[in-house]
Amino acid sequence: ESKNAYFQMILPRKWHSNQFKPVCLHMAGTGDHYFWRRRELLAKPLVQEGGVASIILENPFYGLRKPRDQVRSILHHVSDIFVMGGCLMMEAIVLFHWCKRQGYGPLGVTGISMGGHMASLAASSWPFPVVLVPCLSWSTASGVFTKGVMSRALNWSLLRHQYQTIDAYRTQVAPLIQRLPPEQLTNVGNVGSVAANISQSADQPGAQLVKPVDLSVVVNDKRLKIENVYVRRLLESNSLPSYINRILGITSTIENKKTEISNEEVIHFMKILMDEFTHLNNFPPPVDTSLVVNVCALCDAYVPRNGVTDLTNIWPGMSVRYLNGGHISAFVLHQKAFRDAIIEGFKNYQRKYGK
């Protein structure tokens with residue numbers, strides 16, 4: 001339904017230096033519709049405290065980009081999360097390229113919770129050094145939806161019904177996505193609390209067939225003026241279109257069969273599906289991982305770090321900071337810690353690259 005991306009830009013009245021105009025792109029976390037929260041809590045203080053400008057990008061499926069029949073932040077399909085990530089990767093490339101043409105830089109990207117993971121995906125797509133500060137996120141979203149607090153928000157009855165009745169999930173999709181080594185997948189054990197939420201008698205309708213998207217219009221749109229060879233090559237290649245079309249194709253209804261499936265098998269399928277499309281080991285690392293500062297909560301029940309790949313093993317050279325408290329308390333009480341990490345990231349960039 002939504003064909004346009006919307007963003008706001010917060011600029012300082014006067015730059016500290018004409019050669020140093022840092023801009024940070026802010027990705028939205030779960031439930032962060034429109035712009036006001038990131039504008040008031042992060043963007044405006046960043047201008048005052050560090051002279052850092054901000055671009056606040058609205059997520060697909062949120063705010064002005066929300067489908068008419070979507071209730072609040074409740075996405076209709078699991079695949080919508082993957083579509084959101086693919087769109088934000090592409091939109092970040094376009095915005096970064098626009099910033100460079102306008103003379104802004106260095107560039108950075110940040111986000112909290114889901115926004116932090118989207119920021120990591122965006123940084124992995126940019127072929128230049130970029131400041132990256134993911135907050136309250138980690139290496140994959142699989143644990144979030146199968147072990148963390150958010151796992152209880154999923155409609156497991158519907159997911160179990162679809163996995164049980166649509167044979168293609170088991171015979172075609174599962175073999176394609178079991179590529180990560182076992183040690184890099186979320187631990188399959190300890191699924192009792194999630195399995196207990198899956199109804200044994202689900203009678204929900206099957207998945208809907210979704211039409212694949214065509215990204216050739218992006219490449220052919222001369223208004224974008226994509227001059228960078230790497231970016232154009234990325235858009236012209238099959239990587240992004242096939243990534244998104246493959247996501248949408250997962251929900252195709254092929255054949256219904258009644259097969260008894262265990263709850264653990266459904267959860268495991270969700271794990272490997274999430275790992276396939278969100279595990280950062282499946283994406284290129286940022287060009288300079290020393291510019292990555294991950295800010296985590298010590299007692300984060302929303303983004304479990306146990307049983308998943310340590311992010312420092314994927315991106316050697318990055319640093320991790322830990323905050324006392326959990327996911328919610330860290331968001332409420334430690335906004336300044338997030339801003340300090342962003343400002344310090346740009347200072348590190350300036351020391352290393354001289355701009």
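**Exercise 1.** In which loop is Pro 12 found, and is Pro 12 buried or exposed?

*Solution.* Before starting, note that this is a predicted model, in which local features need pLDDT of at least 70 and side-chain atom pairs count only at pLDDT 80 or more, while totals for chains, interfaces and linings use all residues. Residues are numbered from 1 along each chain as its sequence is written, and side-chain values use heavy atoms, with hydrogens and water left out.

Step 1: Pro 12 lies in the loop between β1 (7-10) and β2 (23-27), where strands (E, at least two residues) and helices (H or I, at least four) are DSSP runs numbered from the N terminus.

Step 2: Pro 12 counts as buried because its relative accessibility is 12%; buried means under 20% relative accessible area, exposed over 50%, and partly exposed in between, with a 1.4 Å probe and protein chains only.

Step 3: Leaving aside neighbours within four places in sequence, Pro 12 is in contact with Val 47, Gly 51 and Ala 53, a contact being heavy atoms within 4.5 Å. The C-alpha atoms of Pro 12 and Gln 48 are separated by 7.9 Å, although these residues are 36 apart along the chain.

**Exercise 2.** Which residues touch the most other members of the largest nonpolar core?

*Solution.* Step 1: A nonpolar core is a set of buried Ala, Val, Leu, Ile, Met, Phe, Trp, Tyr and Cys residues joined through side-chain atoms within 4.5 Å.

Step 1: The largest such core has 65 residues, and Leu 25, Met 27 and Val 109 touch the most other members. Helix α2 (residues 79-101) gives the largest share of this core, 12 residues.

Step 2: Apart from its neighbours within four places in sequence, Leu 25 has contacts that include Ile 55, Leu 57, Phe 96 and Val 109. A second, separate core of 22 residues includes Cys 24, Cys 135, Phe 338 and Ile 342.
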